[in-house]
Amino acid sequence: MEYRKTYQPPTVTVDAVVFQLQKNELEVLLIKRSKDPFKDCWALPGGYSALGETTREALQDIVKRKAGVDLTKDLKYIEQLYTFDTIARDPRGHAVSVTYMGCGLNIALKQSSEPTTFFSVSNLPKLAYDHVEIINYARQRLAAKLTYTNAVYGLLPKNFTLSQLQA
């Protein structure tokens with residue numbers, strides 16, 4: 001059998017969807033891109049997964065550097081969410097994003113290389129790449145997981161009331 005396509009491996013990237021609750025409003029962490037493509041647009045914290053590191057290791061380094069969030073200290077819940085592999089998602093070429101979702105409470109943003117803030121998921125700015133779709137997918141998965149996992153504990157204080165849990 002003859003293989004007729006030219007093989008060029010895609011770039012592997014990682015993205016983080018970091019949620020927190022503020023005044024009963026679900027928020028997501030975004031950074032303002034300082035470089036093209038999508039310069040000055042808001043985006044999920046993410047970047048390239050380098051040779052010799054796992055996607056989880058790459059994510060930890062990138063989110064800490066770009067957004068000032070330490071995944072192991074600032075998040076009470078984190079998991080691999082999904083692999084997004086739409087061919088045209090990055091104008092620089094085929095990039096596969098291994099995306100993680102995490103939940104934290106009162107996340108204090110520290111020194112970072114990019115302007116960083118939390119936005120309400122119901123009032124997002126214009127976003128880079130396919131990040132609107134990624135956030136919407138993560139929000140749906142989080143809502144579903146609240147019924148059968150302990151993900152909700154990532155959004156609540158150590159001691160909480162039944163009404164807080166229901167909200």
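This is a predicted model: local features need pLDDT of at least 70, side-chain atom pairs count only at pLDDT 80 or more; totals for chains, interfaces and linings use all residues.
1. D74 is buried, because its relative accessible area is 16%, under the 20% cut-off. Beyond its neighbours within four places in sequence, D74 is in contact with G68, V69, G104, L105, I107 and K110.

2. Now look at K110 as a partner: the side chains of D74 and K110 form a salt bridge (3.1 Å, N to O). This pair links distant parts of the chain, with K110 in the loop between β6 (95-104) and β7 (116-120), 36 residues from D74. K110 is partly exposed, at a relative accessible area of 46%.

3. The structure holds six salt bridges. Another of them brings together the side chains of E79 and K145 (3.3 Å, N to O). E79 belongs to strand β5 (residues 75-84) and K145 to helix α3 (residues 131-145), so the pair ties together parts 66 residues apart in sequence. E79 is buried at 18%, and K145 is buried at 7%. Salt bridges with shared partners also join D15, R89 and D130 into one network.

4. K64 and D70 meet through their side chains too, in a salt bridge (3.5 Å, N to O). Here K64 is partly exposed, with a relative accessible area of 44%, whereas D70 is buried at 8%.

5. Finally, the largest pocket holds about 390 Å³ of space. Its lining has 21 residues, with R33, G46, G47, K66 and R92 nearest the centre. Elements β1 (11-22), β4 (46-48) and α1 (55-67) each give two or more residues to that lining, which divides into seven nonpolar, five polar and nine charged residues.

How values were computed:
Residues are numbered from 1 along each chain as its sequence is written. Side-chain values use heavy atoms; hydrogens and water are left out. Buried means under 20% relative accessible area, exposed over 50%, partly exposed in between (1.4 Å probe, protein chains only). Contact means heavy atoms within 4.5 Å. On a 1 Å grid over the protein atoms alone, a cavity is a set of points where a 1.4 Å probe fits but cannot get out, and a pocket is an open set with protein on both sides within 12 Å along at least five of seven lines; lining residues have an atom within 4 Å of a point. Grid points are joined across faces, edges and corners, and a volume is the space filled by probe spheres set on the points. Helices (H or I, at least four residues) and strands (E, at least two) are DSSP runs, numbered from the N terminus. Ala, Val, Leu, Ile, Met, Phe, Trp, Tyr, Cys and Pro count as nonpolar, Asp, Glu, Lys and Arg as charged, and the others, Gly among them, as polar. A salt bridge is a side-chain nitrogen of Lys or Arg within 4 Å of a carboxyl oxygen of Asp or Glu.
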